[in-house]
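Visitor: I have a model open here and would like a quick walk through it. Can we start with a single residue and work outwards?
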Amino acid sequence: GRQVAEALAAPGERLPQDFCTFDALLEHSEAFSCLERRVRRQIACAAELVQVPAGDLLLCQGDQGDGFFQILTGSVSIFHAKDSAAPRLVLLAGEGAAFGEEVLLEKAETYWQTVRAEVDTQAIFIRTDSYREAVKDWRGEQATWRRAITAVSAAKASPVLEASYRVKCGGRVAPDRGIKCIASFPGRHARDWDELMARGAIPSSACAFLSSADPALGQHEPDPEHPEHPCRCRALYGERTFDQFGYLQVLKQRHTKEQRRQVYEDARVMDAVVVDECAKSEERCKAEALARQRWEDQGRVAAWGCAWFSAWT
């Protein structure tokens, strides 16, 4: 508490360590624990230091709630009056005691208690207007994510995706830091992706699904952060088996002529092996062995490549 008080009282711009201290103080409060750290940092920028001499009131029951207080140093007495009865002492509290959360959360318009400083007391004060301004956009984002989740759930009820389906939109990555981004590698989830994109409410999105016409399909690029790796694949996907990395493409009985053509075209570009799901065991084993060999020859990287990464970062 004393560290926060010193940071609030110090003139000039607040330092990164000050924000870490503010964050540790606020993250356990109901009004702040649900918020992302970047939002709490914005709120901390607007925080004020209140100094209350011994015997003075910090707040009074029935007053319009104009903000949130948390005791940093000192101690206070908390009083509450029922109806027209005289106020009664409810609690003695010290560092960490907080008042006004219900006002920030719009559960009440006035304070339910009277708080009096028993000794010289310092408190952090966050105005209701500052809090609501900071969380306004954040709440809008959360509503967007809820709509996205609902859309995905609805899309799950649609028929299983056919292999030739191609997404209609590659996404729109927001350039601002700190914004959540929905990233997708649609195989069977491509229809879900298009369902989300059609709603146009996703703040930031990126799709790594490439068609055979995309020049990045099957292409790789060096990883500057891990020069010992053959490309970015290991950092992006981890370690996977040859079939998980797309070197074995399976033709399904339900595939149309166009879908089968697309499977062969993708396999050609990715240097993958195609096998029919109804193939005999011997033929299947040969296809798997060849796919495994191509996976080994390529350095166990993904058949679809990783060159797409730099296009949307």
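Predicted model: local features only at pLDDT ≥ 70, side-chain atom pairs only at ≥ 80, totals over all residues.

Visitor: Where does V90 lie?
Guide: In strand 5, residues 88-93.

Visitor: And what is V90 in contact with, leaving aside neighbours within four places in sequence?
Guide: I78, F79 and H80.

Visitor: How far apart are V90 and T114 in space?
Guide: 9.8 Å, C-alpha to C-alpha. In sequence they are 24 residues apart.

Visitor: Let's move to Q113. Buried or exposed?
Guide: Buried. The relative accessible area of Q113 is 2%, and the cut-off for buried is under 20%.

Visitor: Where is the place of Q113 in the chain?
Guide: Q113 is in the loop between helix 5 (101-104) and strand 7 (114-117).

Visitor: What is packed around it?
Guide: Beyond four places in sequence, Q113 is in contact with L59, C60, Q61, I78, F79, F99 and E102.

Visitor: Zoom out. How many helices and strands are there in the protein chain?
Guide: 10 helices and 12 strands. The chain has 313 residues, and 42% of them are buried.

Visitor: What share of the contacts with a separation of 6 or more comes from residues 24 or more positions apart?
Guide: 73%.

Visitor: Now the largest nonpolar core. Which residues touch the most other members?
Guide: C233, Y237, F242, F245, Y247, L248 and A291, out of 20 residues in that core.

Visitor: Which elements give two or more residues to this core?
Guide: Helix 8 (233-237), strand 12 (273-276) and helix 10 (281-297). Helix 10 gives the most, with 3 residues.

Visitor: What is C233 in contact with, leaving aside neighbours within four places in sequence?
Guide: H220, G238, V301, A302, G305 and C306.

Visitor: And the second, separate core, how many residues does that have?
Guide: 17. I71, V76, A117 and A123 are among them.

Visitor: On to rings. How many aromatic pairs does the structure hold?
Guide: 6. Take Y237 and F245. Their ring centres are 5.9 Å apart and the planes are at 70°, so the pair is edge-to-face.

Visitor: Are those two residues buried or exposed?
Guide: Buried. Relative accessible area is 9% for Y237. For F245 the relative accessibility is 1%.

Visitor: What about F242 and W295?
Guide: That aromatic pair is tilted, with 6.4 Å centre to centre and 55° between the planes. The pair links distant parts of the chain, 53 residues apart. F242 is in the loop between helix 8 and strand 11, and W295 is in helix 10. F242 and W295 are both buried.

Visitor: Which residues do ring pairs link into a cluster?
Guide: F69, Y111 and F125.

Visitor: Change of topic: helix 9. How far apart are its end C-alpha atoms?
Guide: 20 Å. Helix 9 has 14 residues, 257-270, which should span 20 Å at 1.5 Å a residue, so the two values agree.

Visitor: Which residues of helix 9 are buried?
Guide: Q259, Q262, V263, D266, A267 and M270. Seen down the axis, these buried residues fall within an arc of 135°, so they line one face of helix 9.

Visitor: Which residues are exposed on the other side?
Guide: K257 and R268.

Visitor: What covers the buried residues of helix 9?
Guide: The cover includes strand 11 (248-251) and strand 12.

Visitor: What happens just after helix 9?
Guide: D271 takes a positive phi of about 60° there.

Visitor: Last stop, Q249. Where is it found?
Guide: In strand 11. At 19% relative accessibility, Q249 counts as buried, because the cut-off is under 20%.

Visitor: What does the side chain of Q249 reach?
Guide: The backbone oxygen of G246, at 3.0 Å.

Visitor: And what does Q249 touch, not counting residues up to four places away in sequence?
Guide: V263, A267, M270, A272, V273, V274 and V275. Of those, V263, A267 and M270 are buried residues of helix 9.

Note on methods
Residues numbered from 1 in each chain as written. Heavy atoms only, no water. Core = buried A, V, L, I, M, F, W, Y, C linked by side-chain atoms within 4.5 Å. Buried < 20%, exposed > 50% of the residue type's maximum accessible area, 1.4 Å probe, protein only. Helix = DSSP H or I, 4+ residues; strand = E, 2+ residues; numbered from the N terminus. Contact = heavy atoms within 4.5 Å. Expected span 1.5 Å × (residues − 1). Arc of directions from axis to C-beta. Phe/Tyr/Trp six-rings, centres within 6.5 Å; stacked < 30°, edge-to-face > 60°. Polar contact = N/O pair within 3.5 Å; in protein donor to acceptor, adjacent residues only side chain to side chain.
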